[in-house]
Amino acid sequence: MTSRLAWVALALVLLVALFVGARGDGSPPTDAERSARIARSVRCPTCRGLSAGESDAKAAVAVRDEIRRRVARGQSDDAIRAYLVSRYGDDILLAPPSSGVGLAVWALPAVAFVLGALGLAAAFVRWRRLTAVRPTSEDRALVAEARAP
Amino acid sequence: MARWSAAGVALVAVLLVTLLATREPAATQVASSALAGHAAPEIAGRELSGATLRLSSLRGRFVLVNFFATWCTPCQREHPELVKFTQRHLAADDVRVLAVIFDDDAANVRRFFAAEGGDWPVVADPRGKVALEYGVRGPPESFLVDPDGFVLTRIVGEVDADGLDRLLAQAGAARS
Amino acid sequence: MRPLHSVVGQAAVLVGFLAAVSGAALLAVGLLRDRPDLRRQGRLHVFVVLGAAAVAALTMEHALLTHDFALRYVADNHSLSTPTIYTIASLWGALEGSILLWGLVLAGYLVAVAHRFRHRAVDPLVAWALVVGQTTAVFFFGLMLGPANPFRVVAGVVPTDGPGPNPLLQNHPLMAFHPPVLYLGYVGFTVPFAFAVAALVTGRVGEGWLLETRRWTLCAWGFLTAGIVLGAWWSYEVLGWGGYWAWDPVENASFLPWLTGTAFLHSVLVQERRGMLRVWNLSLVMATFSLTILGTFLTRSGVLDSVHAFTESPIGPAVLGFFAVVVAVGIGLIAWRGDQLRSPGAIDSPLSREGFFLANNLLFAAFAFVVLLGTVFPLIAEAVTGDRLSVGRPYFDRMTSPIALTLLFLMAVAPALPWRKASGEVLRHRLQWPAWAGTLVVVASVVAGIRGLGTLLAFGLGAFAAAAAVRQLVLSARRQGWGGVVGRANGGMVVHLGVVVIAVAVASGGSFAQRRELRLLPGDTARFAGHTVTYLGTEEVHHGNRTSAEAKVRIDGGKVYRPALSTFPFATQAIGTPSVRTSLRDDVYLTLLSAPRSASQPAVIGMRVLPLTVWLWIGGAMMALGTVMAAVPGARRRRPTEPASAPAGQSVPSAEPAPELVTT
């Protein structure tokens with residue numbers, strides 16, 4: 001009984017802590033944070049796969065400057081990314097957009113996982129049925145006999 | 001059950017192998033330019049000689065905007081071709097070359113031009129802003145701009161004089 | 001007169017090729033015609049293959065060390081000014097050499113297999129495995145005779161010097177270790193694959209082949225883990241962007257077989273105990289080996305842009321063809337033997353160790369699927385729309401974080417779960433202290449100001465899993481003394497601890513890394529993220545193989561660190577070399593972004609403060625240690641195929657299982 005209570009208390013403490021921690025400090029992102037986030041979602045034009053936020057290449061610096069300029073002007077994340085796509089093409093974005101062909105790369109793993117999980121669940125149900133032991137009246141009779149004084 | 005999954009896996013494998021077998025190497029991929037058909041972004045920069053130069057000042061003739069760097073081997077290879085090209089069109093003056101430095105020092109470029117020749121204007125791009133506006137992935141890249149200031153084509157990689165002449169002739173014919 | 005190196009080297013490759021072909025042929029005939037004498041003969045050929053590979057490798061090393069520029073490989077990859085260690089390492093620095101290394105490692109493994117199973121030289125299982133192994137050797141030696149010939153001669157005038165290895169490959173001694181260790185892992189998976197094929201062909205699809213190859217698989221997996229960690233470490237120390245993993249195609253190529261290999265290591269435990277999951281395990285082994293071949297294709301064919309794509313390569317179509325053959329053989333064999341593979345067993349309850357191993361496998365399969373899809377998706381998109389898309393870090397991080405966190409949870413709970421069925425009470429009792437540990441860590445982190453759900457979950461689940469692993473180790477030590485701490489289960493716990501350490505380091509690095517660009521004149525000091533740096537000036541240093549502008553920076557009043565920009569004679573751009581001050585708490589990572597051209601110009605120095613980075617490498621070492629521990633037989637061992645209710649204390653003194661294990 002106390003063990004159960006201890007576990008419930010544990011769960012409560014954990015949930016509260018996670019809730020507090022996940023909320024962050026609630027303030028909207030600063031310009032610098034926004035710029036950094038957008039820069040990390042865009043490829044450095046002259047590198048192989050590094051983001052403009054990570055790379056020190058000249059082209060990456062230029063992209064970061066441009067992003068900072070536009071954030072200061074108040075443009076939205078999507079508008080800034082759209083501008084960069086207009087210059088460099090679709091593959092400047094490090095994560096495909098979730099529309100068009102790009103949707104597949106986001107959806108397929110989720111679909112595959114769900115199918116796999118369903119398959120596994122079905123297997124468990126099948127195995128349950130195989131190993132389910134149900135006592136018959138014969139079994140009960142045997143047990144009654146054995147227990148008889 | 002096993003047969004069905006085997007068939008499924010086989011199908012995926014066949015698709016994957018077909019896909020991979022029909023791909024070109026990444027290095028030869030050419031991204032289409034979103035700029036084609038649009039007005040060429042203005043270039044306003046300091047020339048090697050110190051004077052300020054604007055792309056719009058060259059309107060009225062074709063302009064080949066050439067992004068290059070002295071450390072880039074294909075750029076070194078295409079330089080004599082550009083020299084040939086400019087000399088061919090010197091008399092007719094129907095096309096000018098405007099070079100933009102991509103991630104390099106003005107001092108290196110001056111030395112390079114002094115050694116290899118070439119007398120077209122070279123504009124510095126210290127912050128890489130021009131390269132960004134043109135969507136340049138890496139030198140050498142060239143853009144052919146028509147006399148009205150619109151981008152006609154984008155060439156990724158080194159150019160040669162004959163190829164440029166052909167391009168120019170095509171563009172000229174299309175205009176008339 | 002062809003240079004001696006070329007003649008000897010090519011002859012060696014040819015000998016190796018012919019020995020492999022004839023060996024495979026003799027074995028095959030000996031198996032199909034039931035001629036044990038031919039099988040014995042065919043087996044001996046692997047020794048010739050190893051001899052040939054060794055001669056070829058030594059010839060190449062000799063050519064490199066004696067600067068024989070008549071060989072094309074040496075002319076392309078070596079220079080007189082390359083330091084000796086990098087000269088030796090340039091054996092595997094370019095395409096042809098890496099195929100040579102593959103051939104050498106493969107031959108070594110084949111000889112080891114032949115030697116280990118020498119008392120069963122005529123056993124069809126072993127013979128078929130050697131057929132598969134020798135056929136693989138035929139492929140790689142064939143590559144060396146054809147498109148990837150390392151002993152090609154320079155056409156025309158022999159140069160007197162060469163450009164040397166790619167500058168990035170001359171920057172760090174890890175280059176000498178990462179590829180060989182990685183290949184010991186990569187190529188090592190050929191052995192379980194060969195035995196799996198042998199099992200299917202001979203029809204002995206029970207647990208026999210699994211038990212024979214258990215240590216081989218563990219060994220390959222251990223080396224692959226170490227190779228990947230070394231690669232990440234090299235990337236961090238050399239490439240200059242302060243990171244160690246960019247989800248680059250070549251990194252993914254090595255990661256994919258690791259994922260399926262790890263799934264396999266876990267699910268074999270279920271097969272050993274319950275005789276189930278045979279088809280799944282065979283598929284995992286086939287998949288792991290196929291992925292090593294696919295990975296070679298992806299990184300060497302140039303279809304994907306990658307940090308490793310230093311060489312254009314003509315071997316693409318051949319490798320893709322071999323991949324297709326391997327997959328076809330795997331699927332075909334499993335489909336053929338499908339009926340024999342069904343097992344009557346069943347798993348009683350999802351809340352059991354078997355159930356959690358299955359969940360583990362589902363997650364690793366999903367992980368591998370995500371990584372594979374993300375890596376080849378640019379190609380798919382291009383085939384469908386003609387336009388290339390990029391798939392980079394934001395995608396991989398977002399898709400794999402939930403999987404990784406769930407795996408941490410499984411890692412915590414599974415060791416405490418009994419086999420077959422668990423009652424809630426048992427679980428609650430066993431997981432009490434680990435759960436408190438996890439919760440306390442979360443609370444402490446929140447109190448310390450750490451925010452972000454992903455990071456907190458990583459810390460909490462990591463503590464949970466670590467406590468569960470430690471609990472297991474403590475219990476084993478209590479029960480059996482220090483000798484009880486080795487063995488498969490406890491080795492696994494140490495590996496889990498290593499994984500937790502890496503997970504925590506990854507989570508903190510991702511959330512708390514900071515960076516700043518500093519413009520400093522000599523004598524300037526700057527404070528950033530709790531560290532003080534003083535710039536002392538830049539000096540030009542001439543090394544044997546390069547000229548460097550080195551900035552001298554004193555960190556926290558202590559040692560002077562020297563981030564540099566180096567120019568190699570034949571390379572076009574300056575290559576940056578970072579300088580890192582490592583401590584247990586964080587790394588101060590300096591890069592010289594722009595060297596001053598005169599004393600009055602400031603130097604631009606990039607400064608990154610990366611917390612807990614050294615723990616990545618420590619975690620990797622723990623994983624390696626755990627693997628070694630797992631390979632050592634435990635103090636009390638039961639034959640794995642005995643039912644779990646066998647009386648305790650019945651131990652099997654010998655390390656080798658009985659020769660013939662009957663299949664069901």
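## Polar contacts between chains A and C

Let's start where two chains meet. Across the interface of chain A and chain C in this predicted model, there are 10 residue pairs in polar contact, with both partners at pLDDT 80 or more. On the side of chain A that touches chain C, the elements giving two or more residues are helix H1 (2-23) and H5 of chain A. H5(A) provides the largest share of that side, with 16 residues.

Charged side chains meet here too: the count between chain A and chain C is three salt bridges. You can look for a salt bridge between the side chains of A:Asp56 and C:Arg608, where the distance from N to O is 3.5 Å.

## How much surface the two chains share

How many residues of chain A are in contact with chain C? There are 46 of them, and they touch 59 residues of chain C. Together, the two chains bury about 4400 Å² between them, and 72% of this is on carbon and sulfur atoms.

## A nonpolar patch on chain A

Now turn to the surface of chain A. A:Val111, A:Phe113, A:Val114, A:Leu115 and A:Leu118 form a nonpolar patch there, with about 460 Å² of accessible area together.

Let's pick out one member, A:Leu115, which sits in helix H5 (residues 102-131) of chain A. Is A:Leu115 buried or exposed? Its relative accessible area is 57%, so A:Leu115 counts as exposed, the cut-off for that word being over 50%.

## A buried tryptophan in chain C

For a contrasting case, find C:Trp247 in the loop between helix H9 (208-239) and helix H10 (249-274) of chain C. This residue has a relative accessibility of 9%, so C:Trp247 counts as buried; the cut-off for buried is under 20%.

Which residues are in contact with C:Trp247, leaving aside its neighbours within four places in sequence? They are C:Asn252, C:Phe255, C:Phe367, C:Val371, C:Arg393, C:Phe396, C:Asp397 and C:Thr400. With one of these, C:Asp397, the side chain of C:Trp247 also makes a polar contact of 3.1 Å. As for C:Asn171, this residue is 76 residues away from C:Trp247 along the chain, and the C-alpha atoms of the two are separated by 22 Å.

How values were computed. Residues numbered from 1 in each chain as written. Chains lettered and ligands numbered in written order. Predicted model: local features only at pLDDT ≥ 70, side-chain atom pairs only at ≥ 80, totals over all residues. Heavy atoms only, no water. Patch = residues over 30% accessible without salt bridge, like charges linked within 9 Å, V, L, I, M, F, W, Y side chains within 5 Å. Areas by Shrake-Rupley, 256 points an atom, 1.4 Å probe, with all protein chains shown as cover. Salt bridge = Lys/Arg side-chain N within 4 Å of Asp/Glu carboxyl O. Helix = DSSP H or I, 4+ residues; strand = E, 2+ residues; numbered from the N terminus. Buried < 20%, exposed > 50% of the residue type's maximum accessible area, 1.4 Å probe, protein only. Contact = heavy atoms within 4.5 Å. Buried area = accessible area lost by both parts, 1.4 Å probe. Polar contact = N/O pair within 3.5 Å; in protein donor to acceptor, adjacent residues only side chain to side chain.
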